[in-house]
Amino acid sequence: MNSDQHILVTGGAGYIGAHTVVELLSAGYKVTVVDTLERSEYRMIEGIESITGIRVDFHKIDCLDFVALDTLFAANDFSAVIHFAAYKSVNESVVKPLEYYNNNLGSLLSVLEVMKKHHVQDIIFSSSCTVYGQPDQIQVDESAPFKTAESPYGSTKQLCEHILKDVATDGFRVISLRYFNPIGAHPSAMIGELPIGVPNNLVPYVTQTAAGVRDKLTVFGNDYNTLDGSCVRDFIHVSDVASAHVKAIDYLNQQQKGNLFDAYNLGTGQGVSVLQLVKKFIEVTGVKLPYTIGSRRPGDVEKVYADPSKINKAFGWSTTYDLGQSLIHAWQWEKKIRNLKGI
Ligand code: UD1
């Protein structure tokens, strides 16, 4: 049991944050969540409580608000922070770059300042495979250099990692987790993704189309140099992403005190094409999914998937869900939020 350890989760009402809170509580950690709810809903907190049977210590706080964070830190004895709170839409970041830099960099700086003031050393950072840009190696490992980012969102993740690397020499212990493509929902269908407006990401678009909310899915390009012409990604179940955060905390607990910065790919190691995913969805759900082939989406990387051997070895972590299960869980969640139990 780790009940003596108290973890602050910023953005804990968000998609990956909420799944991580479930895993932390289930592992016996004490958890406090801060979230603005600006891009999520309180039902995620209620979902966490239904799954775990534990009341969530929730505070509606913006990480840009140093004074509010300072008060929270003064009242609690946090041993580590998992920092999810950030904007994450690639498209939106192109339209509103200043908001992305301000929010994503500002909230990290504010969190680091308050941690330093209260002598909290350990931070797990929510990074992305987008830091690699278009990597030379398709199965990318952590030694790959940061290429030019494809969007301001990608730049914020690169810059945050630079900041974290620098502050690691100033008493922090940092683990940066570079997510590939998290999909799916908790198997209970109590929590999942809540996209705002028309989804940009593939799986929410697939499930909304299957639910009849969208007319058809457009597959962006079938003329790539891949097995079937569509892009290849590394789709990973969100609960597997979440469990890696618990392993990261456990890992830090086993390390000597002292400065540390380390980055890990968080993916399955399997490349799956967009068309393969579409076919798998139809196969495992038995639901109709109208789709058409469209032109390439600007900025899309042709193929990228993780070499996860570093995280597998260091944390003793591996995935537990396959693609079919991930898609079934995504579909169960979509049905739940649309009340389409009959489908
Ligand atoms: C991107 C970022 C990732 C970021 C994520 C968040 C890269 C390499 N990855 O993921 O870091 O966390 O956005 O938004 O920059 N697709 C369709 N039709 C659709 C939607 C998507 O064909 O309606 C295709 C895309 O062209 C792509 C694949 O599905 O090939 C996955 O797209 P998406 O889910 O948006 O994720 P990424 O762009 O890979």
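I searched the whole structure, a predicted model, for salt bridges and found 15. I placed both partners. Glu92 sits in helix H4 (residues 90-95), while Arg39 belongs to the loop between strand S2 (30-34) and helix H2 (43-52), so this pair ties together parts that are 53 residues apart in sequence.

**Domains.** I took the bounds from the domain assignment of the protein chain: domain 1 is 6-184 + 236-267, and domain 2 is 202-232 + 270-306 + 322-338. Their C-alpha centres are 26 Å apart.

**Domain interface.** I counted 14 residues of domain 1 in contact with 15 residues of domain 2. The two domains bury about 1300 Å² between them, and carbon and sulfur atoms give 68% of that area.

**Helices H3 and H5.** I looked up how helix H3 (residues 66-75) meets helix H5 (residues 97-117). Their axes come within 10 Å and cross at roughly 35°. I recorded the crossing of H3 past H5 as right-handed. On the H3 side, the contact is made by Phe66, Leu69, Asp70 and Phe73. On the H5 side, I listed Ser110, Val111, Glu113, Val114, Met115 and Lys117. Sorted by class, the contact of H3 with H5 has six nonpolar residues, one polar residue and three charged residues.

Terms used
Residues numbered from 1 in each chain as written. Predicted model: local features only at pLDDT ≥ 70, side-chain atom pairs only at ≥ 80, totals over all residues. Heavy atoms only, no water. Axes fitted to C-alpha atoms, helices over the stretch in contact; angles between N-to-C directions. Helix = DSSP H or I, 4+ residues; strand = E, 2+ residues; numbered from the N terminus. Left-handed = near helix turned anticlockwise from the far one by under 90°. Contact = heavy atoms within 4.5 Å. Nonpolar A, V, L, I, M, F, W, Y, C, P; charged D, E, K, R; others polar. Domains from an automatic or database assignment. Buried area = accessible area lost by both parts, 1.4 Å probe. Salt bridge = Lys/Arg side-chain N within 4 Å of Asp/Glu carboxyl O.
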